[in-house]
There are 2 protein chains.
Amino acid sequence: MTSFGSHPDRTGRDMFAEAGLAALEDAGVPAADVDELFYGNFVGTLSEGQGHQGPLMAEALGTTAPSRRIESACASSGVAVRDAVRAIRSGEADVVVAGGMERMTNMGTAGATKGLAGAADDLYEVRSGVTFPGAYALMARAYFDEYGGSHEDLAHIAVKNHDNALVNDHAHLQQEITVEEALGAPEIASPFTLYDSCPISDGASALVLTSPEYADEHDLEANVAITGAGHGGDTMALHDRQSLSKTPATRDAAEEAYDDAGVDPSDIAIAEVHDCFTIAEVLALEALGLYSHGEAIGAARRGETRRDGELPVNLSGGLKAKGHPVGATGAAQVAAIATLLDGTHPRADAVDDDATVGVAQNAGGTVASATVHVLEVME
Amino acid sequence: MTSFGSHPDRTGRDMFAEAGLAALEDAGVPAADVDELFYGNFVGTLSEGQGHQGPLMAEALGTTAPSRRIESACASSGVAVRDAVRAIRSGEADVVVAGGMERMTNMGTAGATKGLAGAADDLYEVRSGVTFPGAYALMARAYFDEYGGSHEDLAHIAVKNHDNALVNDHAHLQQEITVEEALGAPEIASPFTLYDSCPISDGASALVLTSPEYADEHDLEANVAITGAGHGGDTMALHDRQSLSKTPATRDAAEEAYDDAGVDPSDIAIAEVHDCFTIAEVLALEALGLYSHGEAIGAARRGETRRDGELPVNLSGGLKAKGHPVGATGAAQVAAIATLLDGTHPRADAVDDDATVGVAQNAGGTVASATVHVLEVME
């Protein structure tokens, strides 16, 4: 991945080339061997006036391999990875690049907020004034109402994820914060203050995925595999849901991915989850089956999901502190788990030596779309 | 498909619901059986402010099945069909909906032209003043220079496709034109006059694809199958190509699709090709191997590709007269071939009784992306 942050003067192709070429070099795979590109991007037509980015990004890697842009709001590159896995499993491709890019800071705060609002229902949510801080604040309020919990519980999540990002030079926000600072920050949508929200970021990410046969034949050094992939959906608008405090799209994606990999939530040692807002980390951990409903709200406060806890969550810093260039996020999460498991991530020292299974969860909108990938260290 | 045309007051979800629900009813498949949605759309964020259309469109069909929007400019739903076929072949899905929608006339001519320009290279083509009529006019000039041919040859293609659309009530332009009218129409980009270009249209299309096993178990009446799928890529910008008169993305997609289906160009009885401009039909027929280079330019003039010719092309009216709601086009082409082969299309009487193989070719940008699907009547 590129560093995530404010890069308003870098073009999308420049950022994706950096991430993609680095991934190819790291994998030891020449561009000429790439069979297909699965590329995630959300608002490129708004931020750069550039549609049809698939061929452009393939070309940035030095190939004219067939490509498609996959858009599923903030889950764009999670779905790109999911469909890329299928391309290899189908036997129709041996090597694929899956990744994504987003350029957002050049749109300004109002432009980016409007672009992001396109991930919700334009007719029935956005025109009623609901943008994403408000939508997730509604989910937090519903959660508190149903299960208890407080803004202070959420502040511990923000503090944890900022703390994790301190050693990650690719993170957007390398800034230590305290619970008091998080609670005292300006309110953006009650109960959220500024530090409950991820930043608006620019950046790109890319993964090189190959068949096991290709990896063997070419003596690739990679020792982590995607063993499970899942994809779930839900109604677009919050008001059509049975519950605001549960996210069945993540639940369905997790069940599919666990079944696919043959693992159980109890096998999972580390997780990267979609914490666009602090409450989203709670909802994800519960939908992933890593906590019962009502239990994840206190996990960071109790220390369990901190890097010295039993189940470190968002060791990369998460969207909260690593940053959230929308189309790049899902693939970056998978990359974080892979490098945490193989020991090359700056926070890999927080991962137990005997850890072999990690999970990455990516969500679009208010979790109208979700993907889950299980990664395992190969024998 | 919905009727293609000028429907500025219909929302995208309204149009996709019409097409998708009609497809489910025609197939005899309940929405509850849909495993996934592959949805093509190009400029929805510009025309409706609506991103993340996958879950919205799934919901319009009555399902929360996982979805993704696939964007590959004018090939968006061609790629959606290609990836949907893979989903079924992988064994991970039994029933998928593949389709697309575009809303364009509400953007106005200048807005739609700008949106469409996003399918070319924004930095190196669009900012030099190249929009699509100009880009394809360059390709026509290069073709004339290399192989000969004239604007009159192209006019015969427009006349043919308008003529084919006369009985198609879903077509945007049901209007007979003559060669003289086509030649005498206002020039839009030399050598093109107005009738060399497809219209700007609104509309939606959807296909229900199932595994053979599902079709058998549920006694579905469909008797046409997609037996070959191919996908090709090329450089984004024209100036990076070795030739302006050849389209290797279509050639590569065709080779993959023919190999996949085990057919040869000589087996093909009918074709729907991407005639966004008249020259594009020529380039497609040659890249598909249905004509040698330099030979397709005269095919319509000689009558071979007319509906009473040996190889009827664009019996639906093509993009030229049926219309071109960008994201809906690729799936609509596949639907046209399927209904021409099973006898339910209004122009099915032009198809030989012993015809069993048809091909649909969809292109994005100046053919930086292309898909080819082979359809066959099942025994």
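Ala73(A) is buried, with a relative accessible area of 0%, where buried means under 20% relative accessible area, exposed over 50% and partly exposed in between, using a 1.4 Å probe and protein chains only. This is a predicted model, in which local features need pLDDT of at least 70 and side-chain atom pairs count only at pLDDT 80 or more, while totals for chains, interfaces and linings use all residues. Residues are numbered from 1 along each chain as its sequence is written, chains are lettered from A in the order in which they are written, and side-chain values use heavy atoms, with hydrogens and water left out.

**How the two chains are related**

- Two copies of a chain are related by a rotation about an axis and a shift along it.

- Arg13(A) has its place in helix 1 (residues 12–27) of chain A, helices (H or I, at least four residues) and strands (E, at least two) being DSSP runs numbered from the N terminus.
- At 17% relative accessibility Arg13(A) counts as buried, and, not counting residues up to four places away in sequence, Arg13(A) touches residues including Gln50(A), Leu56(A), Asp121(B) and Tyr124(B), where contact means heavy atoms within 4.5 Å.
- Asp121(A), found in the loop between helix 5 (108–117) and helix 6 (132–147) of chain A, counts as buried at 4% relative accessibility.
- The side chain of Asp121(A) reaches the backbone nitrogen of Leu123(A) at 3.0 Å; leaving aside neighbours within four places in sequence, Asp121(A) is in contact with residues including Met236(A), Arg13(B) and Gln50(B).

**Helices and their surroundings**

- Helix 7 (residues 151–165) of chain B has 15 residues and reaches 22 Å from its first C-alpha to its last, close to the 21 Å expected at 1.5 Å a residue, the expected span being 1.5 Å times one less than the number of residues.
- Because 13 of its 15 residues are buried, helix 7 of chain B is largely enclosed by the rest of the structure.
- The axes of helix 4 (residues 76–89) and helix 14 (residues 326–342) of chain B come within 5 Å and cross at roughly 55°, and these two helices of chain B are therefore oblique to each other.
- Among the residues that make this contact are Ser76(B) and Val81(B) of helix 4 and Gly327(B) and Val334(B) of helix 14 of chain B.
- For these helices, axes are lines fitted to C-alpha atoms over the stretch in contact, with angles running from 0 to 180 degrees between N-to-C directions; angles under 35 degrees count as roughly parallel, over 145 as roughly antiparallel, 65 to 115 as roughly perpendicular and the rest as oblique.

**Backbone features**

- Ala73(A) lies in the loop between strand 2 (67–71) and helix 4 (76–89) of chain A, and its phi is near 55°, a positive value in a residue other than glycine.
- His52(A) also has a positive phi, near 50°, and is buried with a relative accessible area of 0%.
- In chain A, a cis peptide bond with omega of about 10° joins Ser190(A) and Pro191(A), and in chain B a cis peptide bond with omega of about 10° joins Ser190(B) and Pro191(B).

Methods
A polar contact is a pair of N or O atoms within 3.5 Å; within protein, one must be able to donate a hydrogen and the other to accept it, and residues adjacent in sequence count only if both atoms are side-chain atoms.
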